[in-house]
Amino acid sequence: MRTPQKETHNQATDLQESNHVSRRKFLLLAATVAAGGLTSACSNLSNEDGRQSSIIKVRDGLSVARFPEKEELILLTDRPPQLETPLFYYRQDLTPNEAFFVRWHFSGIPTSVDLRTFKLTVGGHVQKPLTLSVDDLRKQFEPVSLVAVNQCSGNSRSFFSPQVPGGQWGHGAVGNARWTGVRLKDLLNKAGVKPQAMQVTFAGLDEPPLYSMHKFVKALEIEHAISDELLVAYEMNGEPLPMLNGFPLRLVVPGWYATYWVKSLSKIEVLPSKFDGFWMEKAYRIPRNENASETPENLAKDTIPINRMNVRSILVRPDFTDVVRAGKQIEIEGIAFDGGSGISKVEVSVDGGASWSVAQLDNSDNGKFSFKRWRMPWTPVSTGSYKVLTRATSGDGKVQGPQFWNKSGYMRNGIEQNEVPVV
Ligand SMILES: Nc1nc2c(c(=O)[nH]1)N[C@H]1C(S)=C(S)[C@@H](COP(=O)(O)O)O[C@H]1N2
Ligand SMILES: [Mo]
């Protein structure tokens, strides 16, 4: 079972009051954006004394918090904000911006971005470095939209056994959104990538709180960076990105884990060599051979940067709030996704894996990088505890599970045993 992390707050009343102020500011901001377009919008996440505020309470044994522009989300930590999406939001194809999970590494996140002064630079090993405002991006480049899943490498980490350190996420560090922006390729072409370019790095406005910590910078191979589907997005589900999800720009790397989806993106740099920064060389690495599962006593020595997502499904319903009755039909439902080959099949077992039935995949087609929702009618014959299992197969024939253990708790895609009580 997952053990919720609890943050203690001795300033609860204080926080509630200051949140009130910042909520109001946000509503004002939303009005400004709607009325005046984006050119002069200024987004602000903090209250007068610079604190990121939240109302914190406990519900169903988990702490929930409400941050600016967000619904009540499950709270892992508040500085930096790490907020998890409750599973019931996955009963929709697109995860609402207000409910989309949040994860930052440092408390020094941007709390205010003024679009009159904000610039994205594209430089390094290029012919003609670029300095672009969000307005320039909107006007000078072809807009492109795409639906894609953004999933934290550590989603579902809390279910690993033996347990591993790191954010103790349930299954809600994932979301599916329609991203709109410009092709990264178009930016790089305009800047003119010089021959022998090898990698491209991406950095945002967030800063580490100590000089001894490494700025969050990620790198991709040049071939990947100039592929068609990568975007520098300025919209999420048809609206400017929420501050906490990377306003005003974020990198979208369809099919790849969210660690590459750099938020509040302000600097793109082309390198003629391999980037050797901390967040590529030390963090976010996985065993090169995931089949030779590592153990706590025998950690993998040969590692590579985490990359494409593996195939998985998540049971969304019934959840612990649903009452399931013997003899009464319900729909078991959930989501499935992979790293971009699409979902070809989802199977469900209600008897602990002894037998499997094929679930119905939804017709809606949001492309291969999207959630695929699925459902299966079920009438439990008698009362008792049922073990409900779900197993997805991807377009390229990969099947969910078995779980491989790794010391960072990444890429969880084992077949989960969900206990469903029937009364
Ligand atoms: N600038 C910046 N971008 C970032 C991060 C960060 O700490 N700083 N965290 C990454 C990680 S690990 C995740 S899981 C996703 C989370 O995206 P979200 O907060 O929009 O859900 O952002 C990614 N992009
Ligand atoms: Mo992440």
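## Basis of the description

Helices (H or I, at least four residues) and strands (E, at least two) are DSSP runs that are numbered from the N terminus. The model described here is predicted, so that local features need pLDDT of at least 70 and side-chain atom pairs count only at pLDDT 80 or more, while totals for chains, interfaces and linings use all residues. Residues are numbered from 1 along each chain as its sequence is written, chains are lettered from A and ligands numbered from 1 in the order in which they are written, and side-chain values use heavy atoms, with hydrogens and water left out.

For Lys263, an N or O atom of the side chain is 2.4 Å from an oxygen atom of ligand 1, while the corresponding distance is 2.7 Å for a polar side-chain atom of Arg250 and 2.8 Å for one of Asn245. On its own, ligand 1 has 540 Å² of accessible area, and the protein covers 100% of this, with areas taken from the Shrake-Rupley method with a 1.4 Å probe.

The whole structure holds 23 salt bridges, each being a side-chain nitrogen of Lys or Arg within 4 Å of a carboxyl oxygen of Asp or Glu. One of them joins the side chains of Arg91 and Asp319, with 3.9 Å from N to O. These two residues are 228 residues apart in the chain, with Arg91 in the loop between strand S5 (81–84) and strand S6 (102–103), and Asp319 in the loop between strand S20 (312–317) and strand S21 (330–337).

## Backbone details in the loops

Two cis peptide bonds can be described here. The bond from Phe247 to Pro248 is cis, with omega near 5°, and Pro248 is placed in the loop between strand S15 (239–240) and strand S16 (250–252). Gly401 and Pro402 are likewise joined by a cis peptide bond, for which omega is about -5°, and Pro402 belongs to the loop between strand S26 (384–394) and strand S27 (418–422).

Asn237 is not a glycine, and yet its phi is positive, at about 50°; this residue is found in the loop between strand S14 (231–236) and S15.

Note on methods:
A polar contact is a pair of N or O atoms within 3.5 Å; within protein, one must be able to donate a hydrogen and the other to accept it, and residues adjacent in sequence count only if both atoms are side-chain atoms.
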